[in-house]
Amino acid sequence: MAGSEERSSQQPLGECLDAAVKVALEAGKIIREALRIEKRVQTKSSAADLVTETDRLVENLIISTLSEKFPSHRFIGEESVADGEKCFLTDDPTWIIDPIDGTCNFVHGAPVVAVSIGLSVKKELELGVIYSCVEEKLYTGRKGHGAFCNGQKLQASNQTDLSKALILTELGSIRDPVAVKKLFNNMERLLKVPAHGIRIIGSAALDLCHVAAGDVDAFYQFGLHCWDMAAAAVIVREAGGIMMDTTGESLDLMSRRVVAAGTSEMAHKICKELQPVVYERDDSTESTSN
Ligand code: LIP
């Protein structure tokens with residue numbers, strides 16, 4: 001047995017966390033410097049689902065750095081998946097990477113962008129690093145060891161009253177009119193509670209960091225991906241918050257939906273207001289993969 005210092009294929013998780021922090025800071029510097037420069041922008045699944053050369057450059061940097069250090073580890077990266085790599089978890093240590101969370105912001109030079117790196121071992125999320133690279137805020141979390149922002153311990157909100165809640169959400173990149181209507185209906189239902197407010201900042205990973213920090217009371221989204229929430233799930237939970245499926249069940253990382261809140265009561269109240277918006281699962285091609 002590995003004992004209290006759990007091991008991921010021979011490496012202590014502390015070593016994995018240090019490596020993720022180091023490469024996230026390096027990646028963040030590249031993104032910060034590229035923010036105001038003109039980008040070559042391409043589209044992926046929709047006209048609003050964007051990718052730039054910096055997303056690809058940063059993802060390659062993160063994967064090559066971590067695979068050199070941890071050769072037996074696997075990787076799920078947003079841009080690799082867009083280029084045809086499979087997206088599924090095994091028991092092997094697997095890094096789940098969003099090189100630039102907030103690509104649309106990045107394309108427009110809006111400074112709300114982050115690098116997100118999570119690690120799953122035996123299908124359990126063990127650590128998360130999110131670097132908000134323009135404001136230079138480094139969020140870290142490791143299961144059983146707390147969550148921090150620039151070394152300051154994080155504590156999620158203790159609000160349980162939905163009518164007093166400040167909620168973050170995202171609309172994602174889908175532009176199908178029926179789905180868009182459902183997304184707005186969900187916002188309308190929460191505003192009719194009436195919640196104090198709903199905000200959109202353009203980065204699901206940073207939304208979740210704000211939940212962990214207690215800056216807001218909750219976050220929900222339909223349509224995000226596993227790389228938007230893997231790292232953040234550890235940070236939110238270690239800050240005392242909870243992450244769950246929009247059905248009120250346990251979080252399903254590949255389901256494309258999440259509710260996060262400082263308290264379970266708040267999360268369940270939000271779940272009750274939400275009407276489902278169905279997206280194809282991230283691991284929908286798993287059955288053909290091995
Ligand atoms: C995006 C998120 C955005 C969310 C989208 C998408 P990307 O990630 O940050 O806030 O609404 O669903 O996942 O494409 O910028 O890495």
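Q: Which strand gives the most to the shell around the ligand?
A: Strand 6, residues 94-101, gives the most, with 3 residues. Keep in mind that this is a predicted model.

Q: How many residues are around the ligand, and which come nearest?
A: There are 15 residues around the ligand. The nearest are Asp 101, Gly 102, Thr 103, Gln 221 and Asp 228.

Q: What is the shell like by class?
A: The shell has 7 polar residues, 5 charged ones and 3 nonpolar ones.

Q: Which domains does the shell draw from?
A: Domain 1 (2-153) and domain 2 (162-273) each supply at least three residues of the shell.

Q: How much of the ligand does the protein bury?
A: The protein buries 90% of the 370 Å² that the ligand exposes when taken alone.

Q: Where does the ligand sit?
A: In the largest pocket.

Q: Changing topic to the backbone. Is the peptide bond from Val 193 to Pro 194 cis or trans?
A: The bond from Val 193 to Pro 194 is cis, and its omega is near 5 degrees. Most peptide bonds are trans.

Q: Where does Pro 194 lie?
A: Pro 194 is in the loop that runs between helix 5 (177-191) and strand 13 (197-199).

Q: What about Asn 150, is its phi positive or negative?
A: Asn 150 has a positive phi, about 45 degrees, although it is not a glycine. Most residues other than glycine have a negative phi.

Q: And where is Asn 150 found?
A: Asn 150 belongs to the loop between strand 10 (147-149) and strand 11 (152-153).

Note on methods:
Residues are numbered from 1 along each chain as its sequence is written. This is a predicted model: local features need pLDDT of at least 70, side-chain atom pairs count only at pLDDT 80 or more; totals for chains, interfaces and linings use all residues. Side-chain values use heavy atoms; hydrogens and water are left out. A residue is near a molecule or strand if one of its heavy atoms lies within 4 Å of it. Accessible areas come from the Shrake-Rupley method with a 1.4 Å probe; for residues, only the protein chains shown count as cover. On a 1 Å grid over the protein atoms alone, a cavity is a set of points where a 1.4 Å probe fits but cannot get out, and a pocket is an open set with protein on both sides within 12 Å along at least five of seven lines; lining residues have an atom within 4 Å of a point. A molecule sits in a cavity or pocket if more than half of its atoms lie within 2 Å of its grid points. Helices (H or I, at least four residues) and strands (E, at least two) are DSSP runs, numbered from the N terminus. Ala, Val, Leu, Ile, Met, Phe, Trp, Tyr, Cys and Pro count as nonpolar, Asp, Glu, Lys and Arg as charged, and the others, Gly among them, as polar. Domain bounds come from an automatic or database domain assignment.
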